[in-house]
Amino acid sequence: MDIFEVIKGRRSVRRYKSDVVSNDVVDKILDAARWAPSGSNIQPWKFVVISDMNLLELVRKVSPGYLGETPLAILVCSDREREYRVGGTLGRDYLSIADCSMAVENMVLAAYALGLGSCIVKSFSRIAVKEMLEIPEGIEPELLVIIGYPAHKPTPPARIPIGEIVYLNKYGEKFPTSLER
Amino acid sequence: MKMTEQKTGNGYLFEIALFLATSAQGCLNEPPLYGPFRLLDALSKLADFPDHATGLAPDPFLKEIKAIVDEKKFLVMYDVDAFRKAIDEIVEKLVKEMKKRYIETK
């Protein structure tokens, strides 16, 4: 699949089939994640793959943003201590989130290319998730990626017109483009 | 694969308690419109309560409301005006039902 098709075709899916996601597919998603760029190449990410159905159900119960039921979720955490050690406060306070977000984008694009649906969830109880998944101090849960085979194809939401977000040379100067939306 | 365990009334009540508490925690920092969104989601979950609790009669009206909620709640992500309108419509239906249940039958 062409990369632009993947970027434009991916949607946040909120209804899933119960089909299991195979281990080799999970491996591909994780491999895509770890090849994401990161500030100073710190690679601060840690991934907790949740495939145990009982645990998934518990995580879902404390995650109001976990909509739908999936056979798989991957919690993406940042190693804030390592970020601070290598990247200082900029690393700890900003890059850790940016780096994990870039890994997550790779994950959801890879998932879509492999025929899966996904949704990025931030609305989860950090305290509850840390407790249930035994996340140690210094490791911060950033985003939960829920993954499964989609049971529907969401309609693409509208984009803000390009003229409102892109400028040429100076902020506010019109950028000539043929893009409509 | 079994995606959801068989829930007892108490188990389901506890699940709703978890949902409400973690939603309250989230609503402290989340976009303001997530508040109404979570409340609608809670309404949807409450409509299923008779399925899990003994001694509660099925309520087809609430199931009908649940179906509308589940269809419309995601409007919050891409069409806020339609989301607001959907809430108004849901409340309107509930009020009509309230009149039917508490006034017209007296």
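A residue is termed buried if 20 or more other C-beta atoms lie within 10 Å of its own, exposed if 12 or fewer do, and partly exposed in between, with C-beta atoms placed from the backbone. By this definition Gln43(A), with 17 C-beta neighbours inside 10 Å, counts as partly exposed. The model is a predicted one, in which local features need pLDDT of at least 70 and side-chain atom pairs count only at pLDDT 80 or more, while totals for chains, interfaces and linings use all residues. Residues are numbered from 1 along each chain as its sequence is written, and chains are lettered from A and ligands numbered from 1 in the order in which they are written.

**The sheet of chain A**

- Chain A contains an open sheet of 4 strands in the order 1-2-4-3, with antiparallel pairing; strands (E, at least two residues) and helices (H or I, at least four) are DSSP runs numbered from the N terminus.
- Strand 1 (45–50) and strand 3 (117–121) of chain A are the edge strands, each of which pairs on one side only; two strands pair if DSSP finds at least two bridges between them.
- On average, neighbouring strands of this sheet are turned by 25 degrees against each other, direction ignored. Axes here are lines fitted to C-alpha atoms, for helices over the stretch in contact, and angles run from 0 to 180 degrees between N-to-C directions.
- Strands of a sheet pair through backbone hydrogen bonds, either parallel or antiparallel.
- Strand 2 (residues 72–79) and strand 4 (residues 139–148) of chain A form an antiparallel pair over 8 bridges.
- Strand 1 and strand 2 of chain A also run antiparallel, and 6 bridges join them.
- Cys77(A) has Pro141(A) in strand 4 of chain A as a bridge partner, and Cys77(A) in strand 2 is also the bridge partner of Lys46(A).
- Asp79(A) stands opposite Ile139(A) in strand 4 of chain A.

**Burial of strand 2**

- How many residues of strand 2 of chain A are buried? The strand is mostly covered, with 8 of its 8 residues buried.
- Leu72(A), Ile74(A), Val76(A) and Ser78(A) point one way from strand 2 of chain A, whereas Ala73(A), Leu75(A), Cys77(A) and Asp79(A) point the other way.

**Helix packing in chain A**

- Helix 4 of chain A packs on the sheet and touches strand 1, strand 2, strand 3 and strand 4 of chain A; its direction makes about 160 degrees with that of strand 2 of chain A.
- Helix 2 (residues 23–34) and helix 4 (residues 80–113) of chain A pack at an angle of about 145 degrees, and their axes are 7 Å apart.
- In this packing, Lys28(A), Ile29(A), Ala32(A) and Ala33(A) of helix 2 meet residues of helix 4 including Ala103(A), Asn106(A) and Met107(A). Two residues are in contact if their C-beta atoms, placed from the backbone, lie within 7 Å.

**Nonpolar cores**

- A nonpolar core is a set of buried Ala, Val, Leu, Ile, Met, Phe, Trp, Tyr and Cys residues joined through C-beta atoms within 7 Å.
- The largest such core has 33 residues, of which Ala73(A), Val76(A), Met107(A) and Val145(A) touch the most other members.
- Helix 4 of chain A supplies the largest share of this core, 8 residues.
- Apart from this core lies another, of 6 residues, among them Phe37(B), Ile65(B), Val69(B) and Phe83(B).

**Loop residues with positive phi**

- Asn41(A) lies in the loop between helix 2 and strand 1 of chain A; its phi is near 55 degrees, a positive value in a residue other than glycine.
- Asn41(A) is exposed, with 8 other C-beta atoms within 10 Å.
- Gln43(A) is found in the loop between helix 2 and strand 1 of chain A and has a positive phi of about 50 degrees, although it is not a glycine.

- Chain B has 6 helices and 0 strands.
- Of the 106 residues of chain B, 10% count as buried.
- The contact between the chains takes 16 residues from chain A and 17 residues from chain B.
- Helix 3 (residues 53–61) of chain A gives the most to the side of chain A that touches chain B, with 3 residues.
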